[in-house]
Amino acid sequence: FRAFCCSTIWGSTTMSTTEMQVDGTIYAGENVPVKFFTTTFDQHMKTTTFYMPVKVTLDSLSEFVNVSLGISEHVPFNFLYQDEFIRYTTLDRWLKKKGISKETTIELEYTPAFEIEAGNNFPHDDWVSVIRRLPIPSDASGDATQHPYLTGSYDRCWRIWRGDECLHVGAGHTSAIKSASIISASEGLLGKRKRSGVDCQFATGAKDGSVIVWQYSGGRCKEVHKFAGTESVDTVAVHGDGSLLCSGGWDKLLRIWTLDRLQEDMEKGDVGRQQYLHCGLQGHSRAILASAWSQDHRARVFSTGLDGSVRTWDVMQKAPIMTMTSDASAAYCLSVRKASGGDLLLTGHTDNKVRLWDTRSPTACTAFAGHKGFVYGVTWNALSTDAVSEKGLRFTSASEDCTLNVWDIRGGSPLATISEHSDGILCVEWMGDGVLMTGSKDNTVKSCNLKSDQRPQSSA
């Protein structure tokens, strides 16, 4: 293959047919002119036009790039054409699918593929319904697997973890915990030996109809306040500045609570002195199962559920702003990412698809098919503090089919499929630095590391 690279490929003279050996395989027949470039890797191919066999596989193309760049430790690459991933086994099949002439010079972008590394396994006593990363600004360990996080389970308990250590188990609900959201978090000290711990406030929602606000500090926990209801609360979401909390469930009402008033009463030692309900928003025809705050507009919140619609609300006006619908079936989950002048939303559905919505083009909806079961969880592979970029955004979905799919919005097929659980996956959380945490019906939380964007030195 190396001889093939050096003697046959380098050059720009027309070579319509020939016999070539690529990666140990002999290809006879037509060739196609190809140029390579990258926007995600720090080593760049020469601007030469290469004449590649049309029957060449994508694996062989990846090997060709490795040899041409002189990479000593093999890096697998994926390829894109005009911002769309190539998902076919050979160039010939892809050219025919796209109707592209073999005489056309094809400009292919190469980008590092994922290398998936399985992580740890954390057992629970029942299904794990929610995982939430604790956003501790002072965490400078650089190891996302050691970042603290919160889990909620059908055993009615929540747990705070750092790495593989469970720092605390708390209980207060009388039924399964379905949702959780972080109000605030900071580094703290744990126990008499002053071990590294966390201090945090968070909210949990459960099938018992209640939302509970918790305060955890110094290894001790107290229930700050309970917003009582009668029907299951399947979603709670705290505003980015911690001032508001929304909750929704089977009564079809999206409630907005004023956490800043609750905080004021906490400081005065007089919780419950005033009314904390800001408003109730009506519009969904069936249960609300997911909600999230806009990252572009401070007063707006999104909700979705069994009626399949994605609704935008203005909490200051206490009114609906927009409803986005397609042929979507019931939605279980929702994740929001800031875009330039709007928000990008992901929803997971009972027709086994993930849908991408753009608030700047509310009539447009892109569906991603790849799962064989309901999609229960979805997350952008980015933190809210990460720089905003709309090119190459990646996300991960979790399904009843026991798999995680990793996607890029530029491609219609998964970049990677991860099968680590033995039962349906109910939730997935991006921890940063390539680390994902998942919760499942197999009563475990698992971590995995998506290793990509490697930057190896050339062998020269």
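# Close-up views of a predicted model

**View A. D92 is found in helix α3 (residues 91-98).** Helices are DSSP runs of H or I with at least four residues, strands are DSSP runs of E with at least two, and both are numbered from the N terminus. The structure is a predicted model, in which local features need a pLDDT of at least 70 and side-chain atom pairs count only at pLDDT 80 or more, while totals for chains, interfaces and linings use all residues. Residues are numbered from 1 along each chain as its sequence is written, and side-chain values use heavy atoms, with hydrogens and water left out. D92 is buried, having a relative accessible area of 5%; buried means under 20% relative accessible area, exposed means over 50%, and partly exposed lies in between (1.4 Å probe, protein chains only). The side chains of D92 and K55 are joined by a polar contact of 3.1 Å. Such a contact is a pair of N or O atoms within 3.5 Å; within protein, one atom must be able to donate a hydrogen and the other to accept it, and residues adjacent in sequence count only if both atoms are side-chain atoms. Apart from neighbours within four places in sequence, D92 has V54, K55 and K102 in contact with it (contact: heavy atoms within 4.5 Å).

**View B. The model has an average pLDDT of 86.** This score is the predictor's confidence in each residue, on a scale from 0 to 100. A pLDDT of at least 70 is reached by 86% of the residues. For residues 1-17 the pLDDT is below 50, and this stretch has 45 contacts in the model beyond near neighbours in sequence. Residues 453-460 also have a pLDDT below 50, with 24 contacts beyond near neighbours in sequence.

**View C. The protein has 23 aromatic pairs by the ring rule.** Under that rule, rings of Phe, Tyr and Trp (its six-membered ring) pair if their centres lie within 6.5 Å; planes under 30 degrees apart count as stacked, over 60 as edge-to-face and the rest as tilted. F122 and W161 have ring centres 5.4 Å apart and planes at 45°, so this pair is tilted. Because F122 belongs to strand β7 (residues 115-123) and W161 to strand β10 (residues 157-162), the pair ties together parts that are 39 residues apart in sequence. F122 is buried at a relative accessible area of 5%, and W161 is buried at 6%.

**View D. The rings of Y332 and Y376 have their planes at 85° and their centres 5.0 Å apart, so they form an edge-to-face pair.** Y332 is part of strand β24 (residues 331-339) and Y376 is part of strand β28 (residues 375-380), so parts 44 residues apart in sequence are tied together. Y332 is partly exposed, with 29% relative accessibility, whereas Y376 is buried, with 15%.

**View E. F36, F50, F64 and F79 are linked by ring pairs into a cluster.**

**View F. Four strands make up an open antiparallel sheet, ordered β8-β9-β10-β11.** At the edges are β8 (128-133) and β11 (165-171), each pairing on one side only. On average, neighbouring strands of this sheet are turned by 20° against each other, direction ignored. For this angle, axes are lines fitted to C-alpha atoms (for helices, over the stretch in contact), and angles run from 0 to 180 degrees between N-to-C directions. Antiparallel strands β10 and β11 are joined by six bridges; two strands pair if DSSP finds at least two bridges between them. Opposite W161 stands C166 in β11.

**View G. Strand β29 (residues 394-399) is mostly covered, with six of its six residues buried.** On one side R394, T396 and A398 are buried, and on the other F395, S397 and S399 are buried. Five bridges connect β29 to antiparallel β28, and F395 in β29 stands opposite W380. Another five bridges join β29 to strand β30 (residues 404-408), again antiparallel; T396 has V406 in β30 as its bridge partner. Four residues separate β29 and β30 in a hairpin, and C402 in its turn has a positive phi of about 75°.

**View H. D83 has a positive phi, near 65°, although it is not a glycine.** D83 is in the loop between β4 (77-81) and β5 (84-85), and is partly exposed at 33% relative accessibility. K318, another residue other than glycine, has a positive phi near 55°. K318 is in the loop between β22 (310-314) and β23 (319-324) and is partly exposed, with 46% relative accessibility.
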